[in-house]
Amino acid sequence: MLSLLYALTLFVSSVQLDKRAVENIKMSLIESSSSSLLESSSSSSSSAHHRGDEGVRAHHHHHAPRVPRASRSKLRERHPDPFFTTPRTFNGSLRVHNPLFPVTEESYSAYAIMLLALTVFSAGIVGNLALMCIVWHSYSLKSTWHCALASLALWDFTVLFFCLPVVIFNELTKRRLMGDLSCRIVPYVEVTSLGVTTFTLCALSIDRFHAVTSVQARPPRVESCQSILAKLSVIWVGSLVLAAPELLLWRLEQRVSPRTGLPVDSCSQEPSAALPETLYSLVLTYSEARMWWRFGCFFCLPLLFTGACQLLTRHVADEKRPSSVASSASSSPKKQRWERQLTRTVVALASVYAVCSLPENAWNIVLASAGVEVGVATLALLALIGQFLLFVRAAATPVLLLCVSRSLGQAFMDCCCCCCDECLPPDSSSTSSSTNATAVSSSLSSPVQEEKLKIVSGTSPAEFFDKVKDAPVELIIGTPC
């Protein structure tokens with residue numbers, strides 16, 4: 001019995017020793033694994049896990065691995081800001097067609113259009129600005145005749161500066177600058193320019209007829225600004241009112257090109273359905289009669305009126321010539337040259353207007369009368385040619401006026417002469433100015449010259465030169481240098 005108890009005691013003690021040995025072995029393994037994890041954390045970040053005591057080991061809790069700084073920067077590079085990676089819907093509204101690059105067969109026509117547009121734009125801007133500056137700064141050109149020409153140059157400048165870039169951009173990129181607004185403003189400005197040209201030609205023709213048929217024909221006098229503005233306002237207001245339906249007629253249309261897949265903008269004659277019923281019916285009536293309205297009002301009216309006035313003027317002048325032989329012999333040849341020069345100016349303006357407006361009106365009437373079906377591309381090409389002819393007329397008109405009108409050409413040369421004198425040294429410029437002043441004062445010493453100056457300016461020579469002397473320097477550009 002005692003031996004049995006002794007055997008049991010030895011067995012229990014051995015079991016306890018075995019448990020303690022096992023626990024010691026486990027603790028040593030845990031410590032060795034933790035130390036190896038600290039030494040090789042970069043290689044064992046995906047497999048090493050810390051283990052605690054038996055309760056912790058029983059529940060199998062896993063701790064997050066420690067990540068070094070280098071790997072954090074890599075993670076940031078791999079996972080950027082979601083603002084830049086979030087997919088967004090893109091409707092292609094910002095994509096444009098570029099015919100210039102890469103170079104294809106279409107690029108040659110695009111470069112030709114750009115070269116032609118640049119030439120017309122440069123010549124028109126310089127010529128119209130020169131004409132307006134000459135009339136504005138020259139005291140002797142303050143008359144209704146020259147101010148009407150300056151008003152025409154202002155509208156031609158507006159057409160070239162605002163409408164030409166929009167049309168060229170639309171032709172090259174198939175997109176419309178300023179969207180629906182440009183579809184309404186560009187036709188409105190173009191039709192207004194046609195109205196200003198029409199009424200200006202009519203006013204100049206009436207002025208020529210009145211000058212020839214009047215009893216005492218005189219050269220144009222220097223008029224006040226109120227009188228000039230009152231006459232020009234009739235031309236401007238009438239042109240703006242007649243072109244008003246263009247603002248309600250045009251509308252922007254967008255479609256996707258089947259060949260390139262890019263959006264294409266185009267302007268169509270379709271009034272908005274949101275207009276009142278009465279106004280909508282009026283705009284539709286104007287749209288149906290627009291071609292004949294432009295042909296009758298902006299083509300036939302100025303040409304027929306100018307031609308009729310020229311024929312009447314020549315007929316009246318021929319009737320007055322035999323009865324006033326003595327008076328015509330006593331009249332100076334300068335006055336006759338002046339009258340012929342003004343007549344040539346009106347005829348030249350009407351000729352340029354007819355040449356640039358005839359093709360568009362001709363093919364519109366032919367297509368409308370023949371009833372021929374024409375493709376969309378052909379109609380777009382004809383519309384582009386018509387607009388280019390309008391731009392060419394706006395650029396050629398000031399150049400023609402500076403070449404035909406002797407007063408404008410002389411004022412332009414005087415302006416260039418003054419600019420050249422400003423580039424000379426001070427001594428030479430002062431000498432030339434004093435010489436010119438002496439020449440002018442000596443030329444006005446006779447009473448005949450004083451009377452001529454009084455007729456032209458409407459004032460005495462002393463008052464005339466007092467106005468020029470008291471005026472700013474810019475107003476003396478039209479006078480001799």
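Which residues does Leu160 touch, not counting residues up to four places away in sequence? The answer is Val120, Phe121, Gly124, Ile125, Asn128, Pro165, Phe391, Ala394 and Ala395, where contact means heavy atoms within 4.5 Å.

## About the model

This is a predicted model, in which local features need pLDDT of at least 70, side-chain atom pairs count only at pLDDT 80 or more, and totals for chains, interfaces and linings use all residues. Residues are numbered from 1 along each chain as its sequence is written, and side-chain values use heavy atoms, with hydrogens and water left out.

## Leu160 and its helix

Leu160 sits in helix H6; helices here are DSSP runs (H or I, at least four residues), numbered from the N terminus. With 0% relative accessibility, Leu160 counts as buried (under 20% relative accessible area; exposed is over 50% and partly exposed in between, with a 1.4 Å probe and protein chains only). One of its contacts, Phe121, is 39 residues apart from Leu160 in sequence, yet their C-alpha atoms are 6.2 Å apart.

H6 itself covers residues 144-173, 30 residues in total, and spans 43 Å from first C-alpha to last, close to the expected 44 Å (1.5 Å times one less than the number of residues). A kink of about 35° falls at Cys163, shortly before Pro165; the bend is the angle between axes fitted to the seven residues ending there and the seven starting there. Because 23 of its 30 residues are buried, H6 is largely enclosed by the rest of the structure.

## Packing against H14

Helix H14 (residues 376-404) packs on H6 at an angle of about 145°, with the axes 9 Å apart. Those axes are lines fitted to C-alpha atoms over the stretch in contact, and angles run from 0 to 180 degrees between N-to-C directions.

By class, this contact holds 15 nonpolar, 2 polar and 3 charged residues (Ala, Val, Leu, Ile, Met, Phe, Trp, Tyr, Cys and Pro count as nonpolar, Asp, Glu, Lys and Arg as charged, and the others, Gly among them, as polar). On the H6 side, the residues include Asp156, Leu160, Cys163 and Glu171, while H14 contributes Gln387, Phe391, Arg393 and Thr397, among others.

Now for the backbone. Most residues other than glycine have a negative phi. Lys174, which follows H6, has a positive phi near 60°. Lys174 lies in the loop between H6 and helix H7 (180-213) and is partly exposed, with a relative accessible area of 28%.

Met178 is in the loop between H6 and H7 and has a positive phi of about 65° although it is not a glycine. Met178 is exposed, at 59% relative accessible area.

Terms used:
Helix = DSSP H or I, 4+ residues; strand = E, 2+ residues; numbered from the N terminus.
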